[in-house]
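Keep the 3D view open while you read, and follow along as the residues come up.

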Amino acid sequence: MIFPKVLLSVRGAVTVESCPLATGTLLQTEVKKTVTLTCMTDEGMDPSKQKELQWFRNGARVNVPEENRLYRSSLCVQPVTKEDNGVIFMCQLKGDASVNSSIKFDVKYPPDLNDTMEMFVEETTDAVLSCDVRANPPVTVAWKKDGKVLDLTSGSYKTTNNGITAQLSITKAKRDVHQGTYICEVNSAVYGTMARMFNVTVEDKVLRFPLGPTISGVVVILCTILFAIISRRNKIKCCSKSN
């Protein structure tokens, strides 16, 4: 028995290599570093088999020069930034999105701290102390006052932390309770301990008069005086004519 010939179409494949080397599809790096990605097809440099490659960053097309698209395509990420953390770079064959290979960035970076801020707060007003704690890996946060861990159960304190900004709120500041040196201390498993210092000075409350009503009152008084003067002059003129 003679069987008809069946032609099998073998679809090519693409691979992505990186410098520094990735672990599987995960590439670990740090901010300000340089990463080079190289995408290749398995069909070699045979001109008759060369196919165009395309790059995507989180699904958005990355434009590369035309001469950097056939058979082998390179992409340089320089410098790596915080915004590259979690980003997926994918290389695929043009016209066949199912033939692709991707790599995910795991960018390590510390929080932006290690500085000192001066804060002046009037008595009985509210204040908010903020520090940037966005980091990878995430950090732990502790608040201190005058060198001691802050007792959050007293002194009208409230803390929040959304993983990006940590805040310490002070309600109705009092000089004898809230004045002092505060520290937002963060601890990173990779970068160690960092902190932001706040020198908080509680000042006497300044009495303020509402400017708008005050100006309106002054205008009314001046207009009243002006009308009175004009009225007085008219009366004097009338008396002079009658005489």
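Trp143 is buried, with a relative accessible area of 7%; buried here means under 20% relative accessible area, exposed means over 50%, and partly exposed lies in between (1.4 Å probe, protein chains only). Please keep in mind that this is a predicted model, in which local features need pLDDT of at least 70, side-chain atom pairs count only at pLDDT 80 or more, and totals for chains, interfaces and linings use all residues. Residues are numbered from 1 along each chain as its sequence is written, and side-chain values use heavy atoms, with hydrogens and water left out.

**Aromatic pairs**

How many aromatic pairs does the structure hold? There are three, where a pair means rings of Phe, Tyr or Trp (its six-membered ring) with centres within 6.5 Å; planes under 30 degrees apart count as stacked, over 60 as edge-to-face and the rest as tilted. Two of these pairs are set out here.

| Pair | Type | Centre to centre | Angle between planes |
|---|---|---|---|
| Trp143 and Phe198 | tilted | 6.1 Å | 35 degrees |
| Tyr157 and Tyr182 | edge-to-face | 6.2 Å | 65 degrees |

Trp143 sits in strand S11 (residues 140-145) and Phe198 in strand S16 (residues 192-203), so their pair ties together parts that are 55 residues apart in sequence. Strands (E, at least two residues) are DSSP runs, numbered from the N terminus. Phe198 is also buried, at 1% relative accessibility. The tyrosine pair links distant parts of the chain too: Tyr157 belongs to strand S13 (residues 157-161) and Tyr182 to strand S15 (residues 180-188), 25 residues apart. Both of these tyrosines, Tyr157 and Tyr182, are buried.

**Two nonpolar cores**

Which residues have the most contacts inside the largest nonpolar core? They are Leu129, Trp143, Tyr182 and Phe198, in a core of 23 residues. A nonpolar core is a set of buried Ala, Val, Leu, Ile, Met, Phe, Trp, Tyr and Cys residues joined through side-chain atoms within 4.5 Å. At least two residues of this core come from each of strand S9 (115-122), strand S10 (127-132), strand S14 (165-170), S15 and S16. S16 gives the most, with four residues. Apart from this core lies another, of 21 residues, and Leu27, Trp55, Phe89 and Phe105 are among them.

Tyr182 is worth a click. Not counting residues up to four places away in sequence, Tyr182 touches a list of residues including Leu129, Lys144, Lys145, Tyr157, Leu168 and Phe198; contact means heavy atoms within 4.5 Å.

Is Lys145 buried or exposed? With a relative accessible area of 17%, Lys145 is buried, and its place is in strand S11. The Lys145 side chain reaches the backbone oxygen of Gln179 at 3.3 Å. That is a polar contact: a pair of N or O atoms within 3.5 Å, where within protein one must be able to donate a hydrogen and the other to accept it, and residues adjacent in sequence count only if both atoms are side-chain atoms. Setting aside neighbours within four places in sequence, Lys145 is in contact with Leu150, Tyr157, Val177, His178, Gln179, Thr181 and Tyr182.

Ser188 lies in strand S15 and counts as buried at 5% relative accessibility. The Ser188 side chain reaches two backbone nitrogens, that of Val190 at 3.1 Å and that of Tyr191 at 3.0 Å. Beyond its neighbours within four places in sequence, Ser188 is in contact with Val139 and Met194.

**Two open sheets**

Strands of a sheet pair through backbone hydrogen bonds, either parallel or antiparallel. Three strands form an open antiparallel sheet in the order S10-S14-S13; two strands pair if DSSP finds at least two bridges between them. S10 and S13 are its edge strands, each pairing on one side only. S13 and S14 pair over five bridges in the antiparallel sense, and the bridge partner of Thr159 in S14 is Leu168.

Five strands form another open sheet, ordered S2-S8-S7-S4-S5, with mixed pairing. Strand S2 (26-30) and strand S5 (60-62) stand at the edges with a single partner strand each, so one side of each is left without a neighbour in the sheet. Strand S4 (residues 53-57) pairs with S5 in the antiparallel sense over three bridges. Within S5, Val62 is the bridge partner of Trp55.
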